[in-house]
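Dear colleague,

Here is the structure I said I would pass on. My notes follow below it.

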Amino acid sequence: MHFTINGRLYDVGVDVRTSILDLCREHLGLTGAKKGCDHGQCGACTVLINGRRVNSCLTLAVMHQDDQITTIEGLGQVGNLHALQAAFVRHDSYQCGYCTPGQVCSAVGMLDEVEKGWPSHVSKDLAAPRFDDSEISERMSGNLCRCGAYPNIVDAIREVAGIESKARTADEKDAAMASEVVA
Amino acid sequence: MKSFIYEKAATPEAAVRAGAAARFIAGGTNLLDLMKLQVETPAKLVDISRLDLAGIDDGDDGGLTIGALVPNSDLAADPRVIGRYEVLSRALLAGASGQLRNMASTGGNLLQRTRCYYFYDTAARCNKREPGSGCDAIGGENRILAVLGTSEHCIATHPSDMAVAMRALNAVILTLKPDGDSRRISIHDLYCLPGHTPHIETVLEPGELITHIALPKPQLGKQAYRKVRDRASYAFALVSVAAIVHVADGKIASASLAFGGLGPMPWKDAAVEAALMGREPTDAAFAAAADALVAQAKGHGANDFKIPLARRTLIATLRDLTGA
């Protein structure tokens with residue numbers, strides 16, 4: 001089988017059961033994408049396929065031989081970090097770091113979706129979503145961080161997105177929670 | 001994961017010729033998950049992901065024809081869907097995560113399997129996974145499971161948000177059968193109740209391929225999708241309501257309501273809508289509709305709470321939509 005990953009062509013024989021995640025980690029030495037749950041629940045394995053963020057654990061490599069796959073290794077390198085990687089460092093957006101490659105790849109894909117005008121669950125006007133912290137939280141909900149670095153992850157993404165810092169007030173947080181609870 | 005033969009289909013006609021034992025794979029987000037657990041063990045996978053079924057086209061009747069391979073994210077973001085079928089965008093955006101919506105297909109979303117813990121646990125008894133083995137969900141951890149349409153053999157819920165909106169919108173499923181015939185199936189006829197055969201979930205024949213989903217011309221009225229779940233994002237519905245309600249001259253002129261999290265299929269009950277028709281949009285009318293919804297509801301202990309929750313969620317949705 002042949003694959004294009006981070007712009008490089010690979011020719012490798014793998015079982016048809018192999019996921020993109022296992023292809024990268026076990027066969028190509030690209031260990032940036034992490035195996036958290038292996039069931040599409042944690043987001044640690046997030047990579048970009050043709051620019052779209054996906055869970056690499058839930059898709060078979062054999063189905064993606066003609067696609068452009070980008071992992072964290074392809075986004076930036078030491079000394080030449082992607083803007084989001086640099087922002088994660090600046091804002092201390094991780095503790096153990098295990099979820100970080102997935103968070104960064106997810107954020108890259110997410111910002112592209114915002115650029116395209118895609119709405120989210122929290123967008124009041126689906127035709128013209130406004131991008132703010134609640135949008136970042138909602139759109140990044142497919143990436144879990146068990147260290148709880150979420151506030152700093154939001155800070156890093158907000159900075160790269162170029163939106164004004166706006167810490168949510170306690171009232172806004174209460175209102176967001178109340179909207180999920182039916183009286 | 002059990003081994004399988006992999007084939008890539010070049011056309012829908014070639015895909016359906018693969019045989020009844022083959023399973024189609026598009027997004028794969030549910031099927032691969034189940035294959036890893038050996039809940040699903042297909043002998044052959046037919047890759048349909050590159051078929052030319054990923055477009056959204058205006059229908060002749062003022063409706064919309066959605067290719068079965070349109071990813072959930074693209075469907076939710078389509079300006080025609082946002083503008084005319086907001087309940088569908090809202091339902092899609094309330095489901096899964098950004099990554100999953102980027103992979104999951106429209107056809108696959110309709111056919112996704114229950115998230116009942118016992119269906120996933122191959123050490124447990126499950127009539128859906130292994131017909132005739134029994135049901136450990138009844139009398140087990142059933143907090144997330146169904147209160148409507150169940151049988152003594154299965155109390156699983158259908159997990160989709162999208163399909164709930166599709167029922168409110170009276171969607172029609174277009175398919176291609178292995179013999180080359182195509183047919184149209186109303187979404188109201190697509191799903192089966194569990195009865196004695198919970199492993200049979202739809203009327204689709206083995207090897208029958210969903211090619212498109214057609215939405216009729218938009219109904220009059222305001223649309224909403226309200227989902228109640230254990231966390232604010234990335235969780236399945238405990239209860240959800242897809243609603244399209246039209247008020248004219250102070251009376252409810254039409255209503256289309258469908259429900260998630262309650263039954264083995266996206267739930268719709270004409271009695272609920274009948275309770276609203278022609279009435280003023282008041283709490284009394286909403287309560288009558290809610291009573292109709294839960295009239296046959298049966299809790300199983302841990303999920304008893306869904307019955308009052310369904311009542312309240314419906315009433316709150318109707319208040320929001322009508323300004324009552």
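What share of the contacts in chain B with a separation of 6 or more comes from residues 24 or more positions apart? The figure is 65%. Please keep in mind that this is a predicted model.

Overall form of chain B

Chain B has 13 helices and eleven strands. Its radius of gyration is 19 Å, close to the 20 Å that the globule rule gives for 324 residues, so chain B is as compact as a globular protein of that length. Along the principal axes, the C-alpha atoms of chain B fill a box of roughly 60 × 50 × 35 Å. As for burial, 54% of the 324 residues of chain B count as buried.

The three-stranded sheet

One open sheet in chain B consists of three strands in the order 1-3-2, with parallel pairing. Strand 1 (5-8) and strand 2 of chain B are at the edges and have a single partner strand each, so one side of each lacks a neighbour in the sheet. On average, neighbouring strands of this sheet are turned by 25° against each other, direction ignored.

Strand 2 (residues 22-25) and strand 3 (residues 44-47) of chain B pair in the parallel sense over four bridges. Between strand 2 and strand 3 of chain B, the chain passes through helix 2 (residues 31-36), and this β-α-β crossover is right-handed. Two residues that face strand 3 of chain B can be named: B:Ala22 stands opposite B:Lys44, and B:Arg23 stands opposite B:Leu45.

Regards

Definitions and conventions
Residues numbered from 1 in each chain as written. Chains lettered and ligands numbered in written order. Predicted model: local features only at pLDDT ≥ 70, side-chain atom pairs only at ≥ 80, totals over all residues. Rg over C-alpha atoms; globule rule 2.2 N^0.38 Å. Buried ≥ 20, exposed ≤ 12 C-beta atoms within 10 Å, placed from the backbone. Contact = placed C-beta atoms within 7 Å. Pairing = 2+ DSSP bridges. Right-handed = clockwise from strand over helix to strand, strands pointing away. Axes fitted to C-alpha atoms, helices over the stretch in contact; angles between N-to-C directions.
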